[in-house]
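Notebook open, structure loaded. I'll jot down what I look up as I go.

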Amino acid sequence: EAPKTKTIVGLLEATGAQGNVLLLTDGNKPVVWRSARNIPGVQVRPFGEESAYDLLWADTLLIEAPALERSAEVAHA
């Protein structure tokens with residue numbers, strides 16, 4: 001759907017995210033990136049493409065459930 005900054009702000013509030021937030025998505029999601037790009041302290045990366053710097057920078061890490069499940073399947077294979 002269309003980019004909505006309000007949707008990302010709602011997600012951050014619902015999860016209690018504080019400080020710098022790194023949001024890892026299940027694959028490349030331009031709509032999520034465009035929705036979050038104007039929010040200070042929020043970065044969006046596809047899961048698996050984050051750097052060590054990204055992880056150290058973040059106070060809060062949010063990972064989409066499908067990305068986390070897929071990584072667990074790969075680890076057990």
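I started at E64, which is partly exposed because its relative accessibility is 23% (buried is under 20% relative accessible area, exposed over 50%, partly exposed in between, with a 1.4 Å probe and protein chains only). This is a predicted model, where local features need pLDDT of at least 70 and side-chain atom pairs count only at pLDDT 80 or more, while totals for chains, interfaces and linings use all residues. Numbering runs from 1 along each chain as its sequence is written, and side-chain values use heavy atoms, with hydrogens and water left out.

E64 sits in the loop between β3 and α4 (65-76); helices (H or I, at least four residues) and strands (E, at least two) are DSSP runs, numbered from the N terminus. Skipping neighbours within four places in sequence, I found E64 in contact with L24, T25, D26 and K29 (contact: heavy atoms within 4.5 Å). I also checked E64 against L23: 41 residues apart in sequence, 7.9 Å C-alpha to C-alpha.

Next I followed T25, in strand β1 (residues 21-25). T25 counts as buried because its relative accessibility is 2%. Beyond four places in sequence, T25 touches V32, V44, R45, P46, F47, E64 and A67.

Then I looked at β3 (residues 60-63): T60 and L62 make up the covered face, L61 and I63 the uncovered one. Side chains in a regular strand alternate between the two faces of the sheet. β1 and β3 run parallel, joined by four bridges (strands pair if DSSP finds at least two bridges between them). I noted V21 bridging to T60 in β3.
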